[in-house]
Amino acid sequence: MSPSHHLTEKNLFEQKVIIATDGNVILYPDFFSVEQCKQLFCELYGNTKWKQEIIHLFGKKMPIPRLTAWYGDEGKSYTYSGIEQHPEPWNPTLNLIKSKIEEIVPVRFNSVLINLYRDGKDTMGWHSDDEPELGKNPLIASISFGATRRFHLRHKYDKSQKAVIDLESGSVLLMQDQTQHFWQHQIGKTAKKVQPRINLTFRIVN
């Protein structure tokens, strides 16, 4: 379904530097307007081909605690946590979001991992996006729509270095340079009652 709206120009210089040591993480807190967020969330929620993936952990099969989808250029498959993803073709909503993100980065993304966190029990454990397909020093753009969730970063070697961000709807988080070599990140569980959140991480798969 074609998006029923047009994205207006935003102040692309409104940004916060989250990490500047052993990597570079920048937050654009209000990249998309409130109205844009509502429309994009509804389109993504209703039109994405969600999957409930299964992983092997401690010798057991179990569903990962969120729904996922993988979209991208033809042939840009991706493997993480033993899960092999083959891309669905781009749709108008994803192309629209991608084109806006590419206005603030010097790259063209060829794939996106979409996660649906249905409630506070859905999580993403500690990890780095350092799979071989992403190459050296990948640039990853993370976009959030829906409920606010807390995003944690921790340095792999210097335990005193940490960061916590509340990723609000419409925010864009850029992780680049050596970030994936030196830092891990997660979305933890919360006992609070929270509405669904959709997160898109645009990537370049080699």
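Visitor: Which residue in strand 14 does M124 stand opposite?
Guide: M124 stands opposite I187 in strand 14. Strands here are DSSP runs of E with at least two residues, helices are runs of H or I with at least four, and both are numbered from the N terminus. The model is predicted, so local features need pLDDT of at least 70 and side-chain atom pairs count only at pLDDT 80 or more, while totals for chains, interfaces and linings use all residues. Residues are numbered from 1 along each chain as its sequence is written, and side-chain values use heavy atoms, with hydrogens and water left out.

Visitor: In what sense do strand 9 and strand 14 pair, and over how many bridges?
Guide: Strand 9 and strand 14 pair in the antiparallel sense, over 2 bridges. Two strands pair if DSSP finds at least two bridges between them.

Visitor: What is the order of strands in the open sheet?
Guide: The open sheet of 4 strands runs 9-14-11-12, with antiparallel pairing.

Visitor: And which strands stand at the edges?
Guide: Strand 9 and strand 12 (162-167) do; each has a single partner strand, so one side of each is left without a neighbour in the sheet.

Visitor: Changing topic, how much space lies in the largest pocket?
Guide: About 500 Å³. On a 1 Å grid over the protein atoms alone, a pocket is an open set of points where a 1.4 Å probe fits, with protein on both sides within 12 Å along at least five of seven lines; lining residues have an atom within 4 Å of a point. Grid points are joined across faces, edges and corners, and the volume is the space filled by probe spheres set on the points.

Visitor: Which lining residues are closest to its centre?
Guide: Of the 34 residues lining the largest pocket, R66, S81, M124, G125 and H127 are the closest to its centre. Among the elements that give two or more residues to this lining are strand 9 (124-127) and strand 14 (183-187).

Visitor: What about the second largest pocket: which strand gives the most to its lining?
Guide: Strand 11 (residues 149-155), with 3 residues. The second largest pocket has a volume of about 230 Å³, and its lining includes R149, R150 and H152.

Visitor: Last topic: where does D177 lie, and what is its phi?
Guide: D177 is in the loop between strand 13 and helix 3 (179-182). Its phi is near 55°, a positive value in a residue other than glycine.

Visitor: Why does D177 count as partly exposed?
Guide: Its relative accessible area is 45%. Buried means under 20%, exposed over 50%, and partly exposed in between, with a 1.4 Å probe and protein chains only.
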